[in-house]
Every structure is written in C-alpha cells, then in structure tokens.
2 protein chains.
Amino acid sequence: MTNKRRVIIFDTTLRDGEQSPGASMNLSEKLEIAQALVDLGVDVIEAGFPIASPGDFEAVRQIAQVVRGSTICGLARCNDKDIDRAWEALKAAPAPRIHVFLATSAIHREFKLKMTKEEIIERAVSGVKRAAGYCDDIEFSPEDAARTEPDFLCAVVEAAINAGATTVNIPDTVGYATPAHMGKVIRTLRDRVPNIDKAVISIHCHNDLGLAVANSLSAVESGAGQIECTINGIGERAGNCSLEEVVMALRTRGDFYDADTRIQTERLVPTSRLVSNVTGMLVQRNKAIVGRNAFAHEAGIHQDGMLKERTTYEIMRPEDVGFTQTDLVLGKHSGRAALADRAKALGYHLTGEQLQTVFEQFKLLADKKKEIYDADVAALIDQEIHDIAEQWSLESYHVSCGTGGKPTVKLSLRRGDQAITQELTCGDGPVDAIFLAIEKITGVEVVCRDFRVQAVTVGKDAQGEVNVEIEHQGQLYRGRGISTDSVEASAKAFLNAINRVAIRKGKPLHPQHSAVDGV
Amino acid sequence: MTNKRRVIIFDTTLRDGEQSPGASMNLSEKLEIAQALVDLGVDVIEAGFPIASPGDFEAVRQIAQVVRGSTICGLARCNDKDIDRAWEALKAAPAPRIHVFLATSAIHREFKLKMTKEEIIERAVSGVKRAAGYCDDIEFSPEDAARTEPDFLCAVVEAAINAGATTVNIPDTVGYATPAHMGKVIRTLRDRVPNIDKAVISIHCHNDLGLAVANSLSAVESGAGQIECTINGIGERAGNCSLEEVVMALRTRGDFYDADTRIQTERLVPTSRLVSNVTGMLVQRNKAIVGRNAFAHEAGIHQDGMLKERTTYEIMRPEDVGFTQTDLVLGKHSGRAALADRAKALGYHLTGEQLQTVFEQFKLLADKKKEIYDADVAALIDQEIHDIAEQWSLESYHVSCGTGGKPTVKLSLRRGDQAITQELTCGDGPVDAIFLAIEKITGVEVVCRDFRVQAVTVGKDAQGEVNVEIEHQGQLYRGRGISTDSVEASAKAFLNAINRVAIRKGKPLHPQHSAVDGV
C-alpha cells in the first residue's frame with residue numbers, strides 16, 4: 001500500500017456539512033467532531049467560515065487553538081475583510097490553511113457577481129495574494145468550476161497559482177457533472193495550465209444526481225490529489241461526496257485506482273454515528289459503508305455461499321469500517337475507569353468534569369437497564385456534549401392519558417432558583433400535552449417542524465432518543481433528549497430546543513448565497 | 001427528447017428490494033406498489049421469485065393477473081422446477097418475462113456451485129431453452145458477471161442468446177465494480193459476442209461502494225439498453241441502483257448521455273414515499289432527488305443567487321420530481337369525493353371498500369386535527385393497505401406515568417368476541433409498559449429490535465407514525481401504527497407486528513443464498 005499515490009482527504013463536515021438545513025452545531029459539538037476527524041486521519045479539516053457569524057469565528061478559532069494533528073482550514077470569499085477575518089481565526093493553528101473562493105461560471109458572473117472575466121481574474125489574484133501574505137497554505141476555488149468555460153477556467157487557475165495558491169479546488173457546486181465530464185475537466189487543467197504542477201488539484205462534488213462519489217473518483221483517476229467530502233455525505237441539498245464511500249472505494253479498489261488515503265477506516269462507523277447524533281441527520285439503513293444494513297444479508301436465510309467462502313458475497317469486512325461484533329460492555333457494577341475506557345474506545349475526548357457528569361448519568365441508567373451497550377454510552381456522552389447552557393431544565397412530570405379523553409399533564413420546570421409548575425388537560429397524546437405545558441411555562445411559542453424517536457439499542461428497556469425541530473420567528477432550532485422513558489426524552493428534547501432559542505446568536509452568513517455587494 | 005435512445009427501466013423493488021433485511025411486504029402492499037410502478041412508467045416490474053415461498057408465488061400470480069401496462073417478470077434459478085413455477089405464476093400476464101440466473105464467476109463456480117465452465121454453459125442453455133418454451137421474453141443473468149473472466153462471460157452470453165435469451169443482464173452482485181470497469185465489460189460484450197445485437201444488454205448494480213448509479217450510467221454510455229434498479233435504492237446490504245437518481249441523471253444530462261426513459265418523473269416523490277412507508281426503510285434527508293433536503297437551501301439565508309436566477313443553484317425543479325408546493329387540502333367538512341380525489345392524485349388505487357374504511361378514519365382524524373395534509377391522507381391509506389387480518393386489535397388503553405415511579409397501564413385487547421384486559425405497573429416509560437401488557441395478553445414473547453416514531457406532518461397535533469421491528473424465534477417482523485397520540489400509535493404498531501407473527505407463512509427462499517443442491 002505504501003507505493004500507492006496518497007490522496008489528501010479534506011473534510012468539510014463542519015462547514016459545507018453544517019449548511020444542511022437543520023444541521024447547525026454548537027461550539028462543543030464542533031470541537032468534539034474536529035477531534036474525531038483527527039482520530040479518523042483526515043488531512044485537512046475545514047472548520048468553518050469565520051466571517052459568517054461570531055459563532056462560526058469562535059468555532060474556527062478554538063479548533064485552531066486546540067486541535068492538533070490535521071491542517072485547519074477556514075473559508076473566505078475573495079475580499080480583504082473575509083480573508084483577514086479567516087486569518088484572525090486560524091492563526092493559532094500549527095498548520096493553517098486559508099480557502100478563498102470566487103465564482104467563475106458564466107451564469108454566476110452574469111447573474112450573481114455582475115463582473116467581467118478580467119475583473120474575476122483580478123479579484124482572484126488579489127485575494128490569493130492577500131491570503132498568501134498570512135500563510136503558505138492557500139486553497140483557491142473557482143465556484144461552479146464544472147460549468148465554467150474551459151479556457152477561462154484554465155486562465156483563472158493559472159493566475160491563482162501564480163499568485164500563490166498551493167491547492168486549486170474544482171467545485172461542482174450544483175451537482176451537475178458526470179464522471180466522464182469531471183475527468184475531462186481535470187485532464188484539461190493538467191494538459192493546459194503551464195504551472196499546474198505547482199499546486200495540488202482538488203475536487204469538490206455535490207450529490208444532486210447521486211454521482212458525487214463517482215465524480216470524485218473520476219477526478220482522482222485523472223490526476224486530482226485531494227478530495228473534499230463530508231461524513232455521511234451531509235451538506236446542502238442532497239449533500240456532498242461521502243467520505244466513507246470515497247475512502248472505501250479507494251481502499252477496496254486500490255488495484256484499480258492505485259491510490260490510497262491515510263484514513264483509519266475502523267473509525268468510520270463511530271465517526272458517522274457521532275456526526276449523525278450531533279446534527280440530527282439520520283443515516284438510512286441502506287446507506288453504503290455505514291448504514292445499518294450495509295453488511296447485512298437478509299435475516300434468517302444467511303449465506304449458504306457466505307459460509308462456504310465469505311468473498312462470494314463480501315468485498316469488505318464489517319470490522320474494517322468499525323462495526324463491532326458484540327458491544328455489550330457495562331452494567332450496574334462497572335466503575336468510572338471502565339466507563340472512561342469505553343468512552344475512549346468509542347473515540348470521545350472527555351474532560352474530567354464531563355466524565356463525572358456522564359458517570360452520574362450512567363449510574364442512573366444502570367439502575368433502570370441491566371445491560372448497557374456501547375450505543376447507550378455514546379448516547380449519554382452525546383447528550384453531555386450536546387448540552388447547552390440550560391435556561392430551563394426538567395424538574396418532574398406526570399401524565400395520565402388514554403383512549404376516550406384528553407391527557408392531563410403536571411409539569412415542573414426549573415430556571416435558576418425558580419421552579420414553575422403547570423397543570424393542563426389538553427392535546428391528543430402525552431407528548432403534545434407536555435409540549436403545550438412547556439410553551440406555557442417558558443412563554444416561547446413555536447411550531448413543531450419535526451419530531452422523531454428512535455431506540456438507541458435493542459430490547460423493551462432500550463433508551464429512546466428524541467430529536468425535535470422547532471420553528472420560532474422564521475428560524476429553525478433542534479433539540480435532543482434521551483431517556484428510557486420516551487415521554488421524558490421528548491420533554492428533554494423540546495426543552496433543549498427551547499433553550500437554544502434563548503441563546504440564538506444572530507443568523508450566520510451563507511458562503512454562496514449571502515449578499516455579494518462589495519465582494 | 002424523442003430522438004434520444006430509450007433506455008428500458010426494469011424495477012426490482014418487489015424482488016431485490018424486498019431482500020433488504022426487515023423490508024418484506026404482504027400481498028396488498030405488493031399490489032399497491034406494482035400499480036404505483038405502472039403509473040410511474042416502469043417498463044418491466046420484477047414482481048418476485050415465485051419458487052421462494054407460497055407468498056412470493058401468490059404475489060407474482062396476482063400481479064400478473066391484475067396489473068396492466070408493464071411487463072411482469074418473475075425470477076428463477078436455472079433449473080426446471082424454478083422455471084416451471086415462475087411460468088405458473090406469470091402466465092396470466094399479457095406481457096410476461098421469465099428471468100433465469102446462474103452464477104458464472106470463478107469464486108461462485110468453485111465455492112458455491114462446484115461446477116466446471118462447461119457444465120455452467122450447458123445448464124444456462126437448458127434453462128433458457130425451457131423458459132423460451134413458455135414465452136418469448138427471456139432474461140438471462142450470469143450472476144457475479146462483473147467478476148467473471150471476460151472470455152468465459154462472452155461465451156456464456158453468446159450461448160444464452162443462441163438458446164433464446166432476449167435480454168442479457170450483467171449483475172455486479174457484490175457491488176465491486178467501478179464506472180470504468182463496468183463500461184469496459186459492456187464494450188467487451190458488444191465487441192466480442194457475435195450475436196449480441198439479438199438481445200438487449202441490461203445492467204444490475206449494487207451500491208456497496210456508493211457507485212451503483214454511476215456504474216449503471218457508465219454501462220448505458222457503453223451501450224446497455226436496460227437498467228435494473230429499485231425505488232429509494234433499497235435492496236440487500238447497501239442496496240441497488242436507485243431508480244430516481246439514475247432516471248433524473250439521464251433526464252438532466254440528456255445532453256451528455258443522449259438517452260432517456262419513459263418515467264413520469266413527477267411520480268418519483270409519491271412512489272418513493274409509498275415504498276418507504278410500506279417497507280419501513282426510511283429515506284435520509286440528504287438522499288438525492290427524493291430526500292427532504294434534496295431541494296432545500298439552508299433555512300433563513302435563502303438564495304440571493306436563487307432569486308436572481310434559479311439556475312445558478314438549481315439543475316432540476318422540485319416539481320419535476322413530484323415535490324408539491326402546498327399540500328394543505330382537507331378539513332373537517334371535506335366529503336368522501338374530496339378524499340377520493342386526493343387519494344387518486346397521490347397515486348392510490350382504492351377499492352370502494354378501502355375508500356369507505358379510510359373515510360371513516362379520516363373523519364375521526366378531522367375531529368382531532370384541524371388541517372389535514374396530503375401526508376396525513378397518505379398515512380391513513382398506507383395504514384389501510386398495510387393492515388393484515390387482525391388477530392388482536394386495540395380496544396382501549398390508559399397510562400399514568402411520570403418521574404419517580406413506574407408507569408401503570410390498563411390495556412384492553414380484542415380477539416374476535418373476546419376482550420381481555422390487563423393491568424400492570426412496570427417498565428420505564430409508557431411505551432414499554434404497554435408492550436409488556438400486550439405480550440402478557442397475547443402470550444407472544446418477543447425482543448424489540450427497532451422502535452421509531454416520526455411526525456407525519458408539522459405542528460403539535462401532527463400524527464405520529466410508529467415503526468417497530470420485533471424478533472420472535474429468530475425471525476423479524478415489522479409493525480406500523482399511526483395516531484395523533486404517539487403512545488396509542490406505539491400500541492397499534494406493536495400489535496400489528498404481533499399479528500404478523502401469527503400469520504407467518506414459512507421462511508422464503510433467498511435467490512442467491514439459498515441451498516443450491518440440485519440447481
């Protein structure tokens with residue numbers, strides 16, 4: 001494997017992935033994911049878009065300060081203010097990268113930017129130069145490159161490299177490319193840009209037609225040296241190239257691609273689960289590599305062929321991507337050290353304080369539930385890192401409900417020293433009765449946009465994990481709660497979302513869609 | 001568009017899709033999906049594997065009798081008994097197709113079949129000939145073709161066509177191919193099989209590396225004339241080529257592929273939703289084409305570029321694939337005709353009796369819920385077609401629960417004339433208390449493998465849809481229930497699954513993994 005060409009994995013889960021509607025993350029969540037990406041062996045972490053909002057800036061700044069082992073990248077539009085702000089956030093990183101982008105396709109030039117080709121090149125050059133004044137590692141992206149005229153694309157890329165870009169990234173911003181088309185774009189750059197050897201060619205694909213992975217692989221076949229991707233393929237619309245798929249395609253078909261990455265593939269499933277839990281973006285069962293069914297043959301029938309020779313039906317082993325056979329680990333008598341061990345194996349980096357909180361929750365759970373699985377431990381930890389400064393917390397609840405009558409709920413919430421109790425008979429079921437009581441007490445009126453419960457593990461005593469999405473004044477907020485009691489988990493999730501309304505920090509800028517005056 | 005080459009769409013949702021662990025369907029569900037596939041414009045419907053089980057046989061037979069407008073296909077291993085049974089099921093169809101398969105790769109020959117190359121060819125020829133004695137439309141699949149030696153693959157294909165195969169299908173059974181590899185296999189067949197023009201070349205890809213759609217498109221580029229695929233890409237392991245993605249890639253990039261299908265693309269979203277509801281295989285938000293986010297830009301920020309010119313960020317319109325803008329349709333005062341209209345627009349084919357049941361449910365719902373959306377109507381209808389002969393039904397329930405104590409549940413179930421009530425104080429939350437009470441009454445002991453709740457629409461009065469998966473004596477059973485009260489929906493779903501245990505009809509054969517003695 002050492003003789004294969006090494007392709008750089010650039011993960012943009014924290015930037016492009018976070019642009020998935022409803023997937024925004026808080027600071028501690030972003031830090032946890034960044035650490036997990038380092039453990040996974042990601043080469044470059046795009047940590048955010050610093051000028052977009054104070055929250056985005058702070059996340060990039062803290063990741064740059066704390067996270068070690070990967071290059072940390074920040075996004076900037078092609079103007080001085082954006083670039084300066086990106087550098088401000090990144091400067092503490094041992095290996096910082098500034099990523100500057102500017103749209104180049106005719107349709108973007110005409111309708112969005114209202115700039116001529118000459119103005120675009122001039123702007124690109126001055127942006128790259130300014131960034132190169134701050135650090136050596138500069139990435140330039142001609143946005144919508146896949147739809148840009150080849151001659152003009154070559155001219156922009158040549159100028160950006162001359163100005164100091166060390167990576168040129170080719171985005172298929174709207175997910176329009178085919179593998180053959182994408183391969184041709186990369187070959188054109190290699191054939192016609194005289195200084196192309198001075199930069200790494202990168203590829204950034206969207207999955208609108210289901211082709212993001214194939215397009216990325218085609219670019220690698222044609223000479224691209226970096227792939228931009230996200231965990232679980234999350235991202236705007238149908239998302240980005242899925243990291244786990246593109247990495248396992250390169251690994252499994254190394255014979256064909258003659259390329260590999262430094263990804264620790266057995267970290268793929270834990271990282272996928274972490275991102276899914278944190279963002280609320282569930283992974284479908286038939287998702288390649290990390291879906292629950294990815295290695296499952298139809299139950300019961302099992303594999304006459306498999307028993308004779310596993311390669312008849314299996315090209316990868318589940319353990320290669322981090323599915324573990326048995327994950328029953330802890331029980332009532334397990335101590336703090338055992339829990340700390342398990343958390344570490346699951347890929348978490350807990351502070352002493354976090355471990356203490358999780359251990360307390362663990363003991364409460366062990367009283368209710370005999371067998372505590374890895375997924376239970378992960379759910380407890382995710383809840384801890386997911387938690388936000390709590391305005392309101394759940395003190396107690398009681399519900400009485402059934403066929404032929406409205407539910408009655410008695411609910412107590414705490415805020416600081418104050419406990420408020422509300423009693424109501426309303427709603428169609430216990431969950432909406434509780435939501436109504438919470439709204440009454442907190443005074444926050446919302447529309448419930450999404451409500452999902454899923455069992456964390458198996459058995460009737462399994463913990464239920466509840467995800468809610470609420471809308472308040474045109475803005476979406478997520479909340480998450482777990483408990484062995486799904487009604488209690490629902491109350492916690494709803495409160496978690498309500499608490500987020502309180503700490504809302506202003507709407508962030510969107511890198512592509514935000515107003516472009518002055519860019 | 002009329003000058004483009006027309007590619008045949010062969011849907012195997014009812015056969016390969018049903019092999020997804022946990023996705024098995026009953027007869028009325030299969031009929032409903034088959035009708036929806038006709039409306040969608042699918043050319044060939046693979047309705048099942050008749051010899052696998054009496055249930056499979058009956059489904060293929062009824063679809064062949066009732067469904068009009070598509071070719072109906074049945075699968076058979078390459079032996080007389082399978083082929084005879086397939087024809088028995090198919091013979092009432094105006095356009096029947098028998099699909100015969102036999103593994104050809106070295107690894108399958110050696111470990112699974114223990115047959116020589118000569119024996120394989122002999123078996124293939126005799127199977128195709130027997131099938132061709134029944135009807136004119138014969139498909140032959142050399143299983144694991146993508147890993148079969150090219151010379152031998154060409155020899156098998158030539159012999160099968162000579163024996164009467166009108167379609168030769170190239171399966172990538174283990175999802176190992178790359179687009180370049182798959183294109184090469186198809187070109188090799190076209191270049192080297194002398195009688196290849198007498199048959200349609202078909203492609204059948206699995207998605208283990210995330211490449212099923214790209215591999216299928218590559219085969220079409222190289223001359224394949226039929227694509228085998230499933231709705232939502234369901235199927236064993238990571239599933240099959242996703243119909244909606246491959247169709248929209250051909251439609252959107254018709255300039256490049258110079259090919260099209262006769263799919264009514266505005267039926268894609270309703271069909272996707274139907275299959276997801278019936279199989280319990282949820283579609284992730286960032287799934288291409290039919291995912292909830294597929295056309296969504298990040299909330300709030302919305303599209304400075306989009307407003308200026310939609311093609312800056314959109315290559316397809318949501319309405320092209322069947323996303324509807326506003327779907328608020330019915331309320332308390334809507335009559336039966338309005339409901340029937342809506343059901344038709346949503347793609348359902350209800351009998352008078354079914355419409356009556358759904359209308360009664362609709363009236364009950366309208367009492368609880370002011371605004372009834374398309375998704376609510378669909379959920380009511382899905383419940384009706386999903387329903388099975390009820391052993392046990394829910395009579396009434398009452399639960400009292402809260403922090404600091406075990407829930408108390410009083411539950412009454414009915415079977416025939418008999419009503420049984422159980423009162424229990426147990427469990428951690430209302431849902432597991434109810435599950436325990438149901439087990440007590442019915443005497444069926446199970447392990448709960450999966451439990452999920454999701455809101456059907458928005459708002460606190462939204463209906464909750466519950467999916468459960470239970471294991472009983474090594475076999476998995478699904479259940480589904482809806483109600484505006486999520487606890488009641490959970491009870492219904494659990495009972496639905498328990499009722500399925502009672503009517504279990506014996507484990508079906510699996511086409512690839514089943515014992516092969518005598519094949």
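Guide: A residue is buried when its relative accessible area is under 20%, exposed when over 50%, and partly exposed in between (1.4 Å probe, protein chains only). The model is predicted: local features need pLDDT of at least 70, side-chain atom pairs count only at pLDDT 80 or more, and totals for chains, interfaces and linings use all residues. Residues are numbered from 1 along each chain as its sequence is written, chains are lettered from A and ligands numbered from 1 in the order in which they are written, and side-chain values use heavy atoms, without hydrogens and water.

Visitor: Why is Asn293(A) called buried?

Guide: Its relative accessible area is 2%, and the limit is under 20%, so the term applies. Asn293(A) belongs to the loop between helix H11 (268-279) and helix H12 (304-308) of chain A; helices (H or I, at least four residues) and strands (E, at least two) are DSSP runs, numbered from the N terminus.

Visitor: Which residues does Asn293(A) touch?

Guide: Contact requires heavy atoms within 4.5 Å. Leaving aside residues up to four places away in sequence, Asn293(A) touches Arg285(A), Ser20(B), Pro21(B), Arg237(B), Ala238(B) and Met281(B). One of these, Arg237(B), has a relative accessibility of 3% and is therefore buried. Arg237(B) lies in the loop between strand E9 (226-229) and H9 of chain B, and its phi is near 50 degrees, a positive value in a residue other than glycine.

Visitor: Where do Arg285(B) and Asp450(A) lie?

Guide: The pair crosses between chains: Arg285(B) is in the loop between helix H11 (268-279) and helix H12 (304-308) of chain B, and Asp450(A) is in strand E16 (residues 447-455) of chain A. Arg285(B), at 10% relative accessible area, is buried, as is Asp450(A) at 9%.

Visitor: Are Arg317(A) and Glu319(A) buried, partly exposed or exposed?

Guide: Arg317(A) has a relative accessible area of 39% and is therefore partly exposed; Glu319(A), at 36%, is partly exposed too. Their side chains meet in a salt bridge with an N to O distance of 3.8 Å. In chain B, Glu319(B) and Arg317(B) also form a salt bridge, at 3.8 Å, and the values of 37% for Glu319(B) and 40% for Arg317(B) place both as partly exposed. Salt bridges that share partners join Arg285(A), Arg292(A), Asp450(B), Arg452(B) and Glu469(B) into one network. Over all chains the count is 68 salt bridges.

Visitor: Why is H8(B) called oblique to H9(B)?

Guide: The axes of helix H8 (residues 212-221) and helix H9 (residues 243-252) of chain B come within 9 Å and cross at roughly 45 degrees. That makes H8(B) oblique to H9(B), because angles under 35 degrees count as roughly parallel, over 145 as roughly antiparallel, 65 to 115 as roughly perpendicular and the rest as oblique. Axes are lines fitted to C-alpha atoms, for helices over the stretch in contact, and angles run from 0 to 180 degrees between N-to-C directions.

Visitor: Which residues make the contact of H8(B) with H9(B)?

Guide: H8(B) contributes Val213(B), Ser216(B), Leu217(B) and Val220(B), and H9(B) contributes Glu245(B), Val246(B), Ala249(B) and Leu250(B). By class there are six nonpolar, one polar and one charged, where Ala, Val, Leu, Ile, Met, Phe, Trp, Tyr, Cys and Pro count as nonpolar, Asp, Glu, Lys and Arg as charged, and the others, Gly among them, as polar.

Visitor: What makes helix H8 of chain A mostly covered?

Guide: Nine of the 10 residues of H8(A) (residues 212-221) are buried. Leu217(A) lies in this helix and, at 0% relative accessibility, counts as buried. Leu217(A) touches Val246(A), Ala249(A), Leu250(A), Tyr257(A) and Leu211(B), not counting residues up to four places away in sequence.

Note on methods:
A salt bridge is a side-chain nitrogen of Lys or Arg within 4 Å of a carboxyl oxygen of Asp or Glu.
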